[in-house]
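Subject: Structure for your files

Hello,

Here is the structure I said I would pass on. My notes come after it.

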Amino acid sequence: MSSAPQAPPVGTGWVHVVGDPSHRIVLADGTAVEILASYPVRPDAGLYSIATAIEFGCAQCCQGCEATLVAVRDHQLLCPGCYGSLGAVQTPSDETQEQSAA
């Protein structure tokens with residue numbers, strides 16, 4: 001028998017990111033998980049490091065995942081792998097540089 005803490009299963013469903021004063025993700029079952037850090041890399045999905053590992057079904061690949069790094073896109077959780085597969089986002093400055101080079 002393992003003595004390590006087990007991640008609570010949260011399944012799938014809508015989530016809500018709540019800002020200050022207590023930065024957290026509220027899961028579909030009402031459980032709130034503290035956000036340790038957020039990474040504003042994409043305009044269409046947030047990437048968050050959370051305080052507690054959670055077990056969830058990824059909204060994109062539909063596979064079960066246990067993670068402390070989650071993405072939220074359209075109010076649904078994505079696993080780190082699916083977040084990574086979304087591809088790079090070009091910023092307006094990137095587009096300007098490409099046009100100048102052409």
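The notes below cover a loop, the strands that follow it, and a surface patch.

Please keep in mind that this is a predicted model.

Loop between β4 and β5. The strands on either side of this loop are β4 (32-39) and β5 (46-57), and R42 sits in the loop. V41 is in that loop too. Is R42 buried or exposed? R42 has a relative accessibility of 14%, and because the limit for buried is under 20%, R42 counts as buried. V41 has a relative accessible area of 55%; the threshold for exposed is over 50%, so V41 is classed as exposed. The R42 side chain also has a polar contact, at 2.8 Å, with the side chain of D44.

Strand pairing. β5 runs antiparallel to β6 (residues 64-73), with eight bridges between the two. One of the bridge pairs joins G46 to V72 of β6. The β5-β6 hairpin has six residues between its strands, and C62 there adopts a positive phi near 65°. Within β7, Q76 is the residue opposite R73. Two residues separate β6 and β7 in their hairpin, and D74 in that turn has a positive phi of about 55°.

Surface. Which residues make the nonpolar surface patch? Y39, V41 and L69 do, and the patch covers about 260 Å².

Regards

Key:
Residues numbered from 1 in each chain as written. Predicted model: local features only at pLDDT ≥ 70, side-chain atom pairs only at ≥ 80, totals over all residues. Heavy atoms only, no water. Helix = DSSP H or I, 4+ residues; strand = E, 2+ residues; numbered from the N terminus. Buried < 20%, exposed > 50% of the residue type's maximum accessible area, 1.4 Å probe, protein only. Polar contact = N/O pair within 3.5 Å; in protein donor to acceptor, adjacent residues only side chain to side chain. Pairing = 2+ DSSP bridges. Patch = residues over 30% accessible without salt bridge, like charges linked within 9 Å, V, L, I, M, F, W, Y side chains within 5 Å. Areas by Shrake-Rupley, 256 points an atom, 1.4 Å probe, with all protein chains shown as cover. Salt bridge = Lys/Arg side-chain N within 4 Å of Asp/Glu carboxyl O.
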